Amino acid sequence: MKTLNYRIILFAFALIFGIVFSIPSITQSDSGKKITLGLDLQGGLHMLLGIKSEIAIESRIKSMAATVKYIFDDEEIIFDDLRIVDGKQITFELLDKDDVVKSKELLKKDLEGTVLGENGLKFTLEMTAEEVERTKANAISQAVDTIRNRLNEFGLAEPTVAKQGEDKILVEVPGIKTQEDEQRIRELIARAAHLQLMAVDEDRAARVMTMDENEAKSYGDVILPDVATSERYLLRQIPVLDGSMLTDAKVGFDQNNQPVINFSLNGQGAKIFGDFTAKSVGKRMAVVLDNKVYSAPNIRERIGGGHVQISGNFKLEEAADLAIALRSGALLAPVYIMEKRSVGPSLGADSIRSSSLALVLGFIMVVIFMIVYYGAAGMVADVALIGNLFLILAIMSLFGATLTLPGMAGIVLTVGMAVDANVIITERIRELMHEGKSVAKSIEDGYDNAFTAILDANVTTLIAAVVLYVYGTGAIKGFALTMSIGILASMLTAIVGTHGIYQWLLPKIDKNKLGFWFGIKAEGVK
Amino acid sequence: MEVFKYKKPLSLMSQSKRFGILSVVVVILSLGIILTKGFNYGIDFAGGTLVQVQYEGKAPIKEIRSAISHDKHYESASVTYFGSDDEIVIRTKTSSKALGEDVGDKMRALLKDTGKYEIRRVDMVGAKVGSELREKGLMSMLLAIIGILIYVSFRFEWRFAVASVMALVHDVTIAMGAVVLFNIEVNLDTLAALLTILGYSLNDTIIVFDRIREGIKTIKNPDLGDIIDESVTRTLSRTTLTSLTTFFVVFTLWMFGGEIIHGFGFTLLVGIIVGTYSSIFVASPILMWLGFSVSGFREKEAAKLKREKEKEKMRAMYENGTI
């Protein structure tokens with residue numbers, strides 16, 4: 001038999017491959033592909049967000065109503081009683097029969113995905129079912145983009161924002177130091193940043209303190225509170241314009257050196273804003289953010305250029321976060337937490353320490369046990385085990401896989417189970433030696449006899465691991481992953497690798513020293 | 001070293017009734033305790049919030065409890081030590097949907113005067129996600145069992161598959177019984193542990209079955225009981241040793257792996273002990289009771305061989321152009 005065989009060469013390659021590619025992860029060097037530590041090990045915030053997509057429909061309807069109003073005003077079509085019913089239907093009435101055809105054409109051109117119903121001069125405008133679905137889907141993908149932008153602008157290292165399933169958003173932010181920081185990030189994510197410029201209903205504003213919601217509704221108005229004081233404002237329900245026409249938002253300072261947010265409108269926004277201010281001199285216009293009134297200054301003259309300022313007793317930090325939120329765009333629909341896991345950095349470090357300790361101790365116990373029980377054969381199994389560990393790390397590094405705490409547990413468990421193949425093989429070899437077979441024959445037949453058992457046993461364990469991977473979530477996936485890689489790698493190291501080592505060692509194995517080589521006393525071995 | 005030196009087969013199958021009764025009793029006891037006491041679902045499955053807090057020095061658990069009970073939302077919150085006496089966890093059934101201020105932030109405010117502390121972990125699972133996770137968990141168990149049944153039927157015979165799945169249900173039931181008995185919180189990682197037991201228990205059983213399959217083909221004596229005795233005895237060494245090495249590592253995981261994977265380690269520990277027992281004493285007798293017939297199996301194998309030979313012959317004839 002040749003001493004250098006393809007098995008040992010394959011094993012040597014696997015070992016070198018394992019060591020080379022696991023070095024960047026072990027030394028945590030800056031270059032090379034590394035294993036990412038899961039949030040439970042490095043600390044961070046993991047959230048699964050749900051989205052109230054019905055709100056996106058409502059605000060879409062609102063902005064459609066604003067468009068209707070703008071078109072009619074612009075074309076000097078006289079209309080009355082424009083309002084939103086149940087948050088999903090716009091109704092209005094035309095006063096002049098001659099405007100009907102022209103209005104219908106204009107609305108059809110500017111408002112896609114809607115159905116117009118008419119009853120005499122009374123009209124209803126609704127979104128089509130497809131448009132509703134599209135708006136919902138759009139709200140989710142827009143939320144994903146918006147949240148990602150906000151986290152990026154906030155300057156956080158490598159946040160993950162991804163759509164999960166049909167209507168959920170996964171947010172993972174590593175490296176958060178304190179609870180306060182975490183809360184700030186959550187607030188930034190949750191901020192709807194829904195900016196509206198709304199006209200104050202000056203005709204009825206005096207009565208606002210005694211008016212209730214329903215009465216306001218009947219005039220096509222809403223009542224919104226001031227952000228700081230207990231003051232209430234009676235505002236026209238349909239906004240003049242909203243944040244979708246905003247192009248930039250920056251923190252600035254007013255004459256009292258208080259932080260303010262300056263924002264600019266795009267061309268269309270600036271035009272609408274200019275037209276509105278020209279018509280409304282002497283009246284008030286409210287700057288409304290997330291349904292709270294920040295200021296409601298008097299309009300003294302037409303304001304062109306589209307530069308607007310939001311003041312409100314901001315702290316600098318608050319103003320900065322708000323500017324980020326405005327810049328990155330509004331959330332079309334509010335998000336809420338379905339699941340949240342946050343781990344502080346010190347706990348992550350503790351978890352790494354204790355699970356590494358368990359890994360090292362377990363490993364040492366197994367290694368010593370194998371040598372004590374099987375002698376040199378145990379040592380061969382230990383070499384395979386070390387190869388297995390390096391291979392797991394290397395494969396995970398190459399795929400940039402995430403190592404979680406259960407993932408560590410999976411590796412620890414693999415250490416216990418990977419030697420199983422060698423236990424089975426060595427037991428078979430011993431058996432054959434007791435039967436009086438030669439050393440070479442015992443080894444070859446031992447591997448043959450053991451193979452089906454090892455294969456079937458590994459495949460069944462693999463089935464459980466794969467199911468766990470497919471159905472598991474988050475950290476548990478990590479456990480299934482390391483275990484699956486460990487099982488597959490052990491097929492190479494524990495079966496092929498050790499077989500190669502035996503073939504290479506064969507000429508040196510002394511049949512009179514089987515106590516040393518295989519830990520047995522066997523008589524009459526050839 | 002050689003502890004299990006093979007001399008003659010142990011006479012296990014003659015005792016199989018006793019093991020059977022023992023197993024049935026333990027399984028019934030486990031089911032009883034599961035049904036009466038019920039699982040202690042953690043927040044992963046029940047929904048709620050868990051806040052882990054570490055104090056500088058001993059955690060003043062009394063003050064913490066009274067501080068928390070000031071807020072009537074958290075009256076039913078439980079506060080317990082976690083691993084050591086400077087660390088506590090607070091568990092409540094409440095979860096908040098708002099991103100701006102969650103239960104963790106509220107706890108931070110409530111605990112303000114209880115000493116110097118650091119909030120190290122806040123886990124919150126909404127009720128809807130909890131029930132989704134529970135469904136997925138059950139589903140994964142079922143799928144794993146079905147997958148294994150199919151594979152074992154394909155590689156062995158249906159009775160082997162049924163026997164191995166029964167042994168596996170036996171192991172998982174007893175492990176679940178232990179989880180309930182020792183009041184271990186059932187979370188996603190407990191589920192992962194149960195699934196691992198599933199794979200592990202099967203792994204053990206398959207090794208024994210593989211030897212029985214081999215014995216059926218090579219041992220002249222067609223008595224199944226004797227074949228099983230011989231095969232189990234032959235694999236006894238391996239079964240015990242592998243269980244031992246796995247036991248070592250799971251034990252270190254349980255002892256030193258930290259409080260978070262404590263429950264995971266414990267579940268595995270029970271599973272490994274029961275799994276080893278069942279692969280020796282439970283799975284094989286079931287095979288016998290299911291009426292597996294050695295001669296029947298041999299005939300079938302022979303028939304299969306014959307069919308294959310005939311096919312080969314046909315193919316040879318076809319290739320030679322005789323047909």
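1. Is Asp81(A) buried or exposed? Asp81(A) counts as exposed, because 11 C-beta neighbours lie inside 10 Å and the cut-off for exposed is 12 or fewer. Bear in mind throughout that this is a predicted model. Asp81(A) lies in strand S3 of chain A. Its phi is near 60 degrees, a positive value in a residue other than glycine. Most residues other than glycine have a negative phi.

2. Glu76(A) sits in the loop between helix H3 (53-74) and strand S3 (79-85) of chain A. With 7 C-beta neighbours inside 10 Å, Glu76(A) is therefore classed as exposed.

3. Next, strand S6 of chain A, residues 122-127.

4. What pairs with S6(A)? Strand S4 (residues 89-94) of chain A runs antiparallel to S6(A), joined by 5 bridges.

5. S5(A) and S6(A) form a hairpin. There are 2 residues between the strands. Gly120(A), in the turn, has a positive phi of about 65 degrees.

6. Chain A also has an open sheet of 4 strands. The order is S12-S9-S15-S16, and the pairing is antiparallel. Which strands are at the edges? They are strand S12 (241-242) and strand S16 (292-295) of chain A, each of which pairs on one side only. Strand S9 (residues 195-199) of chain A pairs with S12(A) in the antiparallel sense over 2 bridges. In that pair, Gln196(A) has Asp242(A) as its bridge partner.

7. Now the helices. Helix H10 (residues 345-374) and helix H12 (residues 405-434), both of chain A, pack with their axes 9 Å apart. The angle between them is about 5 degrees. Angles under 35 degrees count as roughly parallel, so H10(A) and H12(A) are roughly parallel to each other. On the H10(A) side, the contact includes Ser351(A), Ala358(A), Gly362(A), Val366(A) and Tyr374(A). On the H12(A) side, Leu405(A), Met408(A), Val412(A), Gly416(A) and Thr426(A) are among the residues involved. By class, the contact has 13 nonpolar, 5 polar and no charged residues.

8. Gly348(A) is another residue to check in helix H10 of chain A. Gly348(A) counts as buried, because 22 C-beta neighbours lie inside 10 Å and the cut-off is 20 or more. Leaving out residues up to four places away in sequence, Gly348(A) touches Asp40(A), Leu41(A), Gln42(A), Gly43(A) and Val343(A). For a sense of distance along chain A, take Gly348(A) and Ile78(A). They are 270 residues apart along the chain, and their C-alpha atoms are separated by 66 Å.

9. How do the two chains meet? In chain B, 61 residues are in contact with 64 residues of chain A. On the chain B side, the elements giving two or more residues are helix H4 (103-110), strand S5 (117-125), helix H5 (127-155), helix H7 (188-218) and helix H8 (224-256). H7(B) gives the most, with 13 residues. The chain B side divides into 31 nonpolar, 15 polar and 15 charged residues.

10. A strand pairing also links the chains. Strand S18 (residues 335-343) of chain A pairs with S5(B) in the antiparallel sense over 5 bridges. Ser342(A) has Val122(B) as its bridge partner in S5(B).

11. Last, the domains of chain B. The domain assignment gives domain 1 as 13-40 + 130-292 and domain 2 as 48-125. What separation is there between the centres of domain 1 and domain 2 of chain B? Taken over C-alpha atoms, the centres are 39 Å apart.

Conventions: Residues numbered from 1 in each chain as written. Chains lettered and ligands numbered in written order. Predicted model: local features only at pLDDT ≥ 70, side-chain atom pairs only at ≥ 80, totals over all residues. Axes fitted to C-alpha atoms, helices over the stretch in contact; angles between N-to-C directions. Parallel < 35°, antiparallel > 145°, perpendicular 65-115°, else oblique. Contact = placed C-beta atoms within 7 Å. Nonpolar A, V, L, I, M, F, W, Y, C, P; charged D, E, K, R; others polar. Pairing = 2+ DSSP bridges. Domains from an automatic or database assignment.
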